[in-house]
Amino acid sequence: MAMEVEGIASNTKSFNLSIEQDQEKGTQNEDSGLTSAHTIDHDSWQQVGLLLVTSYNCGWILTFSNLILVPLGWKWGIICLIVVGLYVVYANWLLASFHVIDGQRFIRYRDLMGFVYGKTMYRITWILQCSNLLLVNMGFILLGGTALKEINSEFHNSPLRLQYYIVITGAVYFLFSFGIPTISAMRNWLGASAVLTLSYIIMVLIVLVKDGKSNSNKDFHISGSEGSKVFKAFGAISAIIVCNTGGLLLEIQSTLRKPPVKNMRKALYSQYTMGVMFYYGVTIVGYWAYGSMVSSYLPQNFTGPRWINVLINAIVFLQSITSQHVFAAPIHEALDTRFLEVNKGMHSGENLKNLFLLRVLFFLGNTLVTAAFPFMGDFVNLLGSFSLVPLTFTFPSMVFIKVKGKKSRKAKKAWHWFNIVFSSLLTIATTISALRLIIDNIQKYHFFADA
């Protein structure tokens, strides 16, 4: 199938170039036939597994008690956590198998969809991914700013406006992404990230158990009209999807050494065993501790002592620096491959200047938008609806129908057609729910609100 799609080269005499500082320039990879400014076919499954566990246990998990269990309550909340979680695991397990088709390796989701369905699906996939990853990055900037403001509020009754902390967070994220430009280059930082992740989760759980035992007036009632409850339930489902996946599996898988499918599934096993135990655990214990009064950011409910509140927020901020970089990597890779010279080192001469400008423009734009729209819950619900649902559920089944449909049993083809139809309807429902929530908040707040 011949088409003009970025990143897909001919199957003969094609090159995979990496311009990372510690890689040789012009490195050949005879399998892929792809060009990237970032490293391909390099990392172990243990490194990627640790990357997934730490990245998905970032400070965002401190919002999920409010976003998931408050709208759903205990019964439907636990059911949805399990069922939707298993559905996400299945979808990612399936998508990982399409990283290699007939010996050709696809290092980008859009390349896979372009190869199977043509230019239009290439563009649609990239638009959805960009929308999703930009919203994720803005959410991280908001998370970091919120953590810094919480620290300041422990020492001052009138802390500075949230926007100041958002700007500080954006600047720190920029410095890290400039100095550590790729996912593979993060390997020396993953150990520190794992220590930070485990530390803050243990401290959060200790505080939650203490507060939960002393809180005798818990209310688990789901408030609102019947219609409002339905909309909020779809928003909660979006949040469950967000906490389990990010729409960039193939891009992370591209860093794995051979065999990439087997190794990616080992990494996913790490995420959906050890990783899920942490972020589901914090979500459930947080709701148990505070009931329907749980805040959209758990530390705002903590009763102290002051030092542990400060320490948890400080660690959340530091841990978010590495986590946000993972979810921004596909956009960085696209920009770096387009504007840097692949036959030269990433930190040499003209490339260094271009890299600096690319990162400045990326974080300047995201920081400005985040400061103007500081509504964390809206970010989570929106990215989990119109973009992440089709990327996670619809597209993998579409690829299956096209690649394996003719040789598959009727029951299996029917299952994937059901996935396509069901996930498309879910996309519509969750997007309507997310837009409704955004409209409600726009009516309540103003631009650059000190939320």
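Asp-102 sits in the loop between strand 1 (100-101) and strand 2. In this predicted model, its phi is near 50°, a positive value in a residue other than glycine. Asp-41 is another such case, with phi near 60°. Asp-41 belongs to the segment before helix 1. Most residues other than glycine have a negative phi, and most peptide bonds are trans.

The peptide bond from Lys-258 to Pro-259 is cis, with omega near -5°. Look for Pro-259 in the loop between helix 8 (249-253) and helix 9 (260-290).

Return now to Asp-41. Side chains of opposite charge can pair when their charged atoms come close. Asp-41 forms a salt bridge with Arg-105, and their closest N and O atoms are 3.6 Å apart. This pair links distant parts of the chain. Arg-105 is in strand 2 (residues 104-105), Asp-41 is in the segment before helix 1 (45-55), and 64 residues separate them. With a cut-off of 4 Å between nitrogen and oxygen, the count comes to nine salt bridges.

Next, the helices. Helix 4 (residues 119-153) packs with helix 11 (residues 349-372) at an angle of about 70°, their axes 9 Å apart. Angles of 65 to 115 degrees count as roughly perpendicular, so helix 4 and helix 11 are roughly perpendicular to each other. Their crossing is right-handed. Helix 4 makes the contact with Leu-134, Asn-137, Met-138, Ile-141 and Leu-142. Helix 11 brings Phe-362, Phe-363, Asn-366, Thr-367, Val-369 and Thr-370.

Last, the surface. Trp-76, Ile-79, Ile-82, Val-83 and Leu-86 form a nonpolar patch there. Together they have about 500 Å² of accessible area. Trp-76 lies in helix 2 (residues 64-96).

How values were computed: Residues are numbered from 1 along each chain as its sequence is written. This is a predicted model: local features need pLDDT of at least 70, side-chain atom pairs count only at pLDDT 80 or more; totals for chains, interfaces and linings use all residues. Side-chain values use heavy atoms; hydrogens and water are left out. Patches are made of residues with over 30% relative accessible area and no salt bridge: like charges are joined within 9 Å, nonpolar side chains (Val, Leu, Ile, Met, Phe, Trp, Tyr) within 5 Å. Accessible areas come from the Shrake-Rupley method with a 1.4 Å probe; for residues, only the protein chains shown count as cover. A salt bridge is a side-chain nitrogen of Lys or Arg within 4 Å of a carboxyl oxygen of Asp or Glu. Helices (H or I, at least four residues) and strands (E, at least two) are DSSP runs, numbered from the N terminus. Axes are lines fitted to C-alpha atoms, for helices over the stretch in contact, and angles run from 0 to 180 degrees between N-to-C directions. Angles under 35 degrees count as roughly parallel, over 145 as roughly antiparallel, 65 to 115 as roughly perpendicular and the rest as oblique. A crossing is left-handed if the near helix is turned anticlockwise from the far one by less than a right angle, and right-handed if clockwise. Contact means heavy atoms within 4.5 Å.
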